[in-house]
Each structure stands twice: as C-alpha cells, then as structure tokens.
Amino acid sequence: QLDRVLRSKIDAAFNLHDLTQHHPLNAFVLFSSAAGLLGSPGQGNYAAANVFLDALAAHRAASGLPAQSLPWGLWSERSELTASLSDGEREHTGHSGVLGLSSGEALDLFDAARSSDEPVLVPIRLDHTVLRRQDIPPVLWHEVRRPGQAAGPGSARPAVASARERLLGLPEEERPAGLLDLVRTHVAAVLGHSTTGSVTAERAFKELGFDSLTAVQLRNQLAAATGVKLAPTVVFDHPTPAALAEHLGGELFGEAPDPDSVAVLQELDRLESALLSSLSRLPDPEQVSSRLRALAAKVAGTGDGSPDMDQEIASATADELLGLIDKEFGSV
C-alpha cells in the first residue's frame, strides 16, 4: 500500500524536479492534499505522500527554483479520486468541518495562489461552527476563536482540559452519569447530530451508523477530552456508549486522584508547553536538558533522598557518567 501510493506521487514528483531543475521554468505546481496536514484515518500512506509534495515545493523555493504545492481540501464535484466515496462518507467529511469547494471556487483559489510567492498554500473551505464543537488538530487552532479566547494554541485546549477536570471534580456517585453524557455528546458530534437524543446508552455503535473512520475519530476525541490513552479498537471492544463510558470510568477513576499529584501534573503540562514553544530559541538546549535529567533523577530517588542509580546511568551523558563514577567510587 505504501509502495503503490508513494510511487505515483513521490517518484513522479521527484523525477520531474530532477529533470527540470536546470530548465528556465515559469512555474512548478504540485497538487497535494490537505490529508497530509489534517490527518486522514486509514490513509497514512496517502497523507505521507502528499506531505512529501509540500516539502519538495519548500525545498525548491529555498533553492531559488519556482515551486508551489497546493494541499487541496474536498471538491464538491466528484472526481476519479472521490467517485468511490459513498454519500455517507462525503457527508461525514462535512461533519469534520471540511466543506466541499465548487469548481468555480477552487479555480478562483488556484488563481489567487498563483499570484503568491508562498511555496505551500492550502485551498480549503472550513465550517468554523462545526470546528468549534470538536477537538481539532493543532494546525487549525488559529482558525477557531471560542468566546472569550484569543486565537492560538491556548484557544482549543481549555475546553479539552476542563472536560477532564469537570469529571474529576464530580462527586463519586455522579461520575458515571457525567462520563456517559460526555461519551454521548462526542458520539453525536462525530455523527453530525445537533443533539444526543438518538444516542441512547445501550444502542450499538454500528446501529448508530459508525464505521472504522468514525470509530477512530470518536476514539481520538475521547482520548483528548479525558487524557486517557485508548486503543484504536476501543469503540469495537466496547460497542455501546454505556460500555465505552464504563471502560473510560475504569481507566479514569480506577484510583482516586491525589489533589497534589493532579496539581503537579497540570503544572508540568504548562511547563512542557512553554518549553516546547521556546525550544528553538534557546541558546544552550543541553543546559536545559541537563537540568531536566537532574530533576527526573531527584523525582525517581529513593525514600532517603538519594537518586536512583539506574535512572542516573540511563540519562547521563558521557561526561556525567565519568563524574558519577568519580562520585561513587572515588577518582582512580
């Protein structure tokens, strides 16, 4: 499956690049797909192939060669690529927040893109109302402005974080109902329903209209909302909203959360986000890395406060390892 898809896109594009890079071209235009930017469940090969086209355009532009890659969203008019999609599959695409482009709209976007020097531009039509109801990929965070929130990485995450925190804050006897309501809400959103009325607790997901694509989407949304790592087959393993909610409850509430631990983990989340956003600007990343290793060693230390030897050895650089030997056994 990889060979078949990569050959038609990567080999063809790279050969064209190789054969024409010394010719005075006016344009070098690649048609890729937004699947490479947004992800496409069950189409990892297709997504990877299209990302290569975008990267090739960026490489050519950096080398002073004409290049532009257009990762298209869905076109309303059926093509050879979309002819096999059922009406339900096409409808599901709209439920994900991506709307179809008419041929006229697409051609106007093509003309607009050709007047730009940007090597990669995404001609796509988005339904922002639908996007606001979903846990969306980070690449779309700037597209969604929720009330009272600025656009950016923080704009999509507070609603996700609050779902988990709200569940953890409920009295123990109310948690199962709260979790079931969360599951039913996400099921309705994935299926494109405006309410949860048709999503009854004991109705099988297959009866509700789920397929492998929507099952993966539901799993991803619930994992993001609860912070629980879920298997790709979780919807099939727990085939009703009630069964899935019970499974999530076992994972989420198996042990009563310690308030201090929750607070520390939330602070680590904040620190991780700040660190990753500034990592490329750090003059000496190794200094930060060394501090983090030392901190991890302290956290993993034994009860008497002395760091765990295995942890130190596993995370030490060569110089640190020599210093560790000197500390433990004395200089030789």
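Predicted model: local features only at pLDDT ≥ 70, side-chain atom pairs only at ≥ 80, totals over all residues.
**View 1. The whole chain, to get your bearings.** You're looking at a chain with 16 helices and four strands. Of its 332 residues, 30% are buried. The chain exposes about 19,900 Å², and 56% of that comes from carbon and sulfur atoms. Now take the contacts between residues at least 6 apart in sequence: 61% of them join residues at least 24 apart.

**View 2. Ser-198 in its loop.** Ser-198 sits in the loop that runs between α8 (175-191) and α9 (205-208). Leaving aside residues up to four places away in sequence, Ser-198 touches His-193, Arg-203 and Leu-208. Look for Ala-188 too: it is 10 residues from Ser-198 along the chain, and the two C-alpha atoms are 8.2 Å apart.

**View 3. Helix α8 packed with helix α10.** Here α8 meets α10 (residues 212-226), with the axes 10 Å apart and an angle of about 140° between them. That makes the two helices oblique to each other, because an angle has to be over 145 degrees to count as roughly antiparallel. The crossing of α8 past α10 is right-handed.

**View 4. Side by side: who touches whom.** On the α8 side, the contact with α10 is made by Leu-182, Val-183, His-186, Val-187 and Val-190. From α10 come Thr-214, Gln-217, Leu-218, Gln-221, Leu-222, Ala-225 and Thr-226. Sort the residues of this contact by type and you get seven nonpolar, five polar and no charged.

Notes
Residues numbered from 1 in each chain as written. Heavy atoms only, no water. Buried < 20%, exposed > 50% of the residue type's maximum accessible area, 1.4 Å probe, protein only. Contact = heavy atoms within 4.5 Å. Areas by Shrake-Rupley, 256 points an atom, 1.4 Å probe, with all protein chains shown as cover. Axes fitted to C-alpha atoms, helices over the stretch in contact; angles between N-to-C directions. Parallel < 35°, antiparallel > 145°, perpendicular 65-115°, else oblique. Left-handed = near helix turned anticlockwise from the far one by under 90°. Nonpolar A, V, L, I, M, F, W, Y, C, P; charged D, E, K, R; others polar.
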